[in-house]
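Reader: Hi! Could you take me through one part of this model up close, and keep it simple?

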Amino acid sequence: MLADSWGSWRIHRYLQNENVRQVFEQIWHYGPLTRNQLSQLTGLAIPTVSRITAELIKAGLVQELNSVESQRGRRPTLIAINPECGYIIGVDLGGTKLITLAINLEARVVARHETLLGPSMKGLEAIRQLLIQSIERVIAKSGKLRDQFIGVGAGLPGSIDHSSGRIIEASNLGIRNWPVREELEAALGLPVRIENDANAAALGELFFGAGRFQRNLAFVSLGTGIGLGLILNEVVFHGDLGQAGEFGHIPLVRDGPMCTCGNRGCLEALAGGWALPERYEEAKGQEPTSPESPRSAMEIFRLARSGDPIAQHVIAQAAEYLGMGIASLLNLLSLRLVVFGGGMIEGNPTFLQAIRKAAVRHLIPELRGQVRMVPSALGRNAGALGGAALILQQVFST
Ligand SMILES: [Zn+2]
């Protein structure tokens, strides 16, 4: 729709030149830096770096920090990003709530809006209105002008067609075949990028969280379902068919419990949030309709903490299967970093510890001791910051 909307934004205009883009990106990731350091990082000659930094300073995209006099003489001037040179909107649309925020280029949140999705908030029309209102509210709250925003990035549930920017299907929101990018660009007058929520969260960790300065990482989301975002060589890996990351549906148990995908014995049917109450009933030998049945994974965690041996067993089993899944991923891809997020991990360090232990047991010996498995460092804003990271990635890959 607004395919040229990037072109109207000044960061994009400046970064058309590959050398300028490289210098800006290095300053963003590693700054503040001296011109010498920039020359080493980019392989550009110092006079070229000086010309480019002068241009970026004049444009207000970067700034010189005051050089400090020291006993050994004047230190070389450092160059840093001007964090107020542009703002980004990040959106995290989940099954139960919508978080929208505006950040500056250093990921400082300048405005935020959070709203719960009531049971009536289903279907395309309701969700479209809610999204647009929430983004408009955050722009107004930020006190910035619309043309100070570089773009809107959104992590969305369900399967996404990346080339057309459509939600193919998000069954928990009752949405099918929605050209969300095109419609939001038309309504907001800003460039929009969308991603599957786990992929966006993975990108958020790469730019702002536990994955800074890494090239590869896996983000594993453990909530009602099991999601995976894979970053390989600094970009989200989609695979040939666009749906990479269906980690919840790797088969682990032959003829195991029925999964939502129609197969049996998937990781999600053994360890996903929705499956734990079923596994509990199974272990207890009850009919799933029994009135005292726990209805959510959270309830099972509560029962386990209060000493219920069956709940403890179910959770230990889930951690074991998750560990097997994580080890398969690490053995296959030789990754150094796995970041965990989602409702089953937040505030639940003992569960992550159990998963870690099980994963290490199933790792090949060469990887043991070299892999970090950590919770997300971004907290409640992780998904929305992931959305914002989509726009930063677009800026850097211009
Ligand atoms: Zn499945």
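Author: Let's start where two domains meet: 13 residues of domain 1 are in contact with 17 residues of domain 2, contact meaning heavy atoms within 4.5 Å. This is a predicted model, where local features need pLDDT of at least 70 and side-chain atom pairs count only at pLDDT 80 or more, while totals for chains, interfaces and linings use all residues. Residues are numbered from 1 along each chain as its sequence is written, and side-chain values use heavy atoms, leaving out hydrogens and water.

So where are these domains? The chain splits into domain 1 (3–84), domain 2 (86–206 + 382–396) and domain 3 (212–377), with bounds from an automatic or database domain assignment. Between the C-alpha centres of domain 1 and domain 2 there are 29 Å.

How big is the interface?

While you're looking, check out P32, in the loop between α2 (18–30) and α3 (35–42). Helices here are DSSP runs (H or I, at least four residues), numbered from the N terminus. The peptide bond leading from G31 into P32 is cis, with omega near 0 degrees. Most peptide bonds are trans.

Definitions and conventions
Helix = DSSP H or I, 4+ residues; strand = E, 2+ residues; numbered from the N terminus.
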